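Okay, thanks everyone for coming. Let me put the structure up, and then we'll talk about salt bridges.

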Amino acid sequence: MLIALIVLCVLVVIAVIFLWSTYNRLILLRNRMKEAWSDIDVLLKRRYDLIPNLVEVVKGYAAHEKSTLEAVIKARNMAMSASNKTIEEQAKSENFLSGTLKSLFALSENYPDLKANVNFLELQRELVDTENKIQSSRRFYNTNVLALNTKIEMFPSNIIANFFNFEKGQFFNLENEEERKAVKVSF
């Protein structure tokens, strides 16, 4: 009888330790995902701040390319307004913005003076650096989402995740094959 009580106590302690460690691991993974999203958000805001300066520099050289410049500003505004929407909607608007930025840089190829302008080159360098950081942050975020989603789906942690209502994270992906293609610019 005493042995059965000891075994029962040991099993209860093991179950409590398992519950405690699994719950804390899920919290850790969820917080890492949120932190990674915060990093993306900071970089997106930096990009939003750089774009108007870049457009102003280009305006002086390419005044008759108004439609391209307006498309970039429209895409920026759309991306900024999507920042309080779902990750899927924000990813779509950010991908559209990236495409319009490609067309802006392609536009500069037709203006040798613009390509040589120090302000333009510095803004372009900063924007390219920010784009690279955004891509890196997206990968980091998606890695954290994968870790959380895997933990939520795997047995036996899925029991605890379901009991405490942990939700799977959304990946920050390209929407479709069209968005994976380079933007074609012709003049």
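So, to start: which side chain does Glu126 meet in a salt bridge? The partner is Arg46, with 3.6 Å from N to O. Keep in mind as we go that this is a predicted model. Glu126 sits in helix 5, residues 118–153, while Arg46 is in helix 1, so this pair ties together parts that are 80 residues apart in sequence. As for Arg46, that residue is partly exposed, at a relative accessible area of 32%.

Okay, next one along. Arg47 pairs up with Glu94, and here the closest N and O atoms are 1.9 Å apart. Again we're going between helices: Arg47 belongs to helix 1 and Glu94 to helix 3, residues 87–108, so the bridge ties together parts 47 residues apart in sequence. Are these two buried or exposed? Arg47 is buried, at 1% relative accessibility, and Glu94 is buried too, with a relative accessible area of 1%.

Now for a pair inside one helix. Lys45 makes a salt bridge with Asp41, and their closest N and O atoms are 3.0 Å apart. Both are in helix 1, residues 2–61, and because they're four residues apart there, about one helical turn separates them. Lys45 comes out as partly exposed, with 44% relative accessibility.

And how many salt bridges turn up in a search of the whole structure? Seven. Okay, that's my bit, over to you.

Methods. Residues are numbered from 1 along each chain as its sequence is written. This is a predicted model: local features need pLDDT of at least 70, side-chain atom pairs count only at pLDDT 80 or more; totals for chains, interfaces and linings use all residues. Side-chain values use heavy atoms; hydrogens and water are left out. A salt bridge is a side-chain nitrogen of Lys or Arg within 4 Å of a carboxyl oxygen of Asp or Glu. Helices (H or I, at least four residues) and strands (E, at least two) are DSSP runs, numbered from the N terminus. Buried means under 20% relative accessible area, exposed over 50%, partly exposed in between (1.4 Å probe, protein chains only).
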